[in-house]
Amino acid sequence: MESFLEEITEPVSPTGQYLNSSALCIYILGVLEFEIPIQDFQTMSLLHHVFLPINTRFSSIMIKDQNGEKKWKKVEVKLEEHINIPTFPTSKSSNPNYDEYLDDYMSKIALEHLPQHRPLWEIHIIKYPTSNASSTLIFKLHHALGDGYSLMGALLSCLQRVDNPSLPLTIPNSSQVMPQLSSIFNAKTIFKTLPSIFSLAFQTISDFGWSVLKSSLVEDDETPIRSCEEDINFRHVDISSISFSLDHMKEVKSILGVSLNDVIAGLIFFGLRLYMQEINLKSSKAESTALVLLNARNIKGYKSIKEMVDNTNNNGASWGNRFAFLHIPIPKLSETRFSNPLEFIFEAHKEITRKKNSLATPLTGMLLNMVKKLRGPEAAARYLHSTLRNSSTTISNIIGPIEQMALANHPVKGLYFMVVGPPESLTITIMSYMGKLRIAFGMEKGFINKEKMKSCMENSFEMIIVAARKISAKTQIKI
């Protein structure tokens with residue numbers, strides 16, 4: 001059996017190599033909050049019969065072959081090595097919740113590296129109640145296993161709808177589709193679209209050049225959200241989250257005529273500037289950039305695990321790391337923008353739309369591949385490390401189910417994720433679930449004040465809602 005398993009190998013994707021290198025080691029924490037206490041007697045069975053069969057990478061380790069190429073090698077999994085059930089001290093206060101202990105525990109596991117001699121994942125079963133849940137389950141997975149799209153697809157395959165387990169979970173459609181050039185280079189429309197081609201070329205050159213500079217030479221300013229510490233990826237992080245009504249977000253979207261992503265980005269950008277101004281007045285006008293991650297698959301919604309695994313060589317619903325990032329400047333906070341925070345949404349809409357429609361993103365991917373071919377994957381990983389470190393924050397977004405879901409008859413009350421290990425003081429993730437939008441923050445511990453950050457995001461949300469409703473009221477009066 002042992003010799004048979006050793007023969008089963010597959011290449012590690014270039015991005016997978018970058019994310020598990022001497023320069024970068026990035027993990028994803030997936031957090032499920034349950035309505036009832038966890039009964040862990042089913043854990044081994046669920047992992048063996050449901051989780052491991054999802055993808056061979058969950059039962060593989062990363063090795064180097066005789067040529068120095070990284071490969072996934074299938075091994076026998078000892079499940080007991082991947083299950084952690086912590087014991088917290090008995091609470092001495094009248095409050096029976098263990099929020100502070102859970103926060104400290106998550107900060108601890110976020111810093112720890114998974115052993116490379118066993119498959120790169122583990123779970124943590126938290127049997128203690130918090131203000132958000134009766135019990136909590138944390139999946140820690142190495143980012144080399146797959147991106148948020150892949151891992152969310154894996155998670156959904158383990159869960160069922162609470163109202164009717166026989167029906168599939170409903171995922172809202174997303175339209176994160178990479179721009180196509182085929183319509184521009186059509187013989188019948190070439191003259192009509194000639195100005196568009198020149199505009200596209202100019203945008204591409206400008207955006208690509210700026211992206212290269214930001215990844216190599218030009219750093220963001222030091223601010224209350226960017227400490228500029230060299231060893232930031234070895235520092236503790238505070239992980240905190242806040243929830244907003246998705247219906248309220250959609251209300252703003254409808255009033256302004258922009259996308260939901262534009263509203264969310266504008267809310268976050270305004271909230272960040274409010275926080276920066278509260279800590280240091282001058283920093284509200286500092287040069288700050290956000291790396292906004294996009295799903296680079298030419299699809300809408302999630303596909304089945306079988307479709308993902310079977311399409312690894314296509315441009316469709318493939319398993320793995322298929323993401324791209326956009327350098328988006330965080331608008332500076334002026335008196336005008338403070339009095340009209342909707343400008344942050346319009347600015348986010350303008351920048352994200354323009355950069356998604358240029359070809360800078362695929363060109364950046366080609367540059368990274370060229371660095372890998374000429375100087376090796378470690379050099380490409382260092383370039384990616386520099387890209388992350390020179391920015392102020394990374395923002396990533398995953399769409400979750402509309403209906404409530406359950407794991408082994410344990411209803412899931414809340415759901416969010418966090419990316420840990422990037423060389424930044426602040427990482428932001430966004431997750432929708434059951435009509436709520438959960439925004440989570442991974443913050444450098446002792447540097448960013450998590451309570452003030454949450455308060456500034458709440459203020460941003462309230463000010464944007466008020467401003468949008470004023471526009472709606474004026475429109476209705478005119479009608």
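Reply:
**Strand pairing**

Three bridges join β1 to β4 (residues 70-74), in the antiparallel sense. Strands are DSSP runs of E with at least two residues, helices runs of H or I with at least four, both numbered from the N terminus. Two strands pair if DSSP finds at least two bridges between them. Proline 11 sits opposite lysine 71 of β4.

The model is predicted: local features need pLDDT of at least 70, side-chain atom pairs need 80 or more, and totals for chains, interfaces and linings use all residues. Numbering runs from 1 along each chain as its sequence is written, and side-chain values use heavy atoms, without hydrogens or water.

Now the whole sheet. It is open, with three antiparallel strands in the order β1-β4-β3. From one strand to the next, the twist averages 35 degrees. Axes here are lines fitted to C-alpha atoms, and angles run from 0 to 180 degrees between N-to-C directions.

Next, helix α3 (residues 43-51). Thr43, Leu47 and Phe51 are buried there, meaning under 20% relative accessible area; exposed is over 50%, and partly exposed lies in between (1.4 Å probe, protein chains only). They lie on the same side of α3 because they cover an arc of only 35 degrees around the axis. That arc is taken from the directions between the helix axis and the C-beta atoms. The buried residues of α3 pack against β5 (83-84), β6 (121-126) and β7 (135-142); contact means heavy atoms within 4.5 Å.
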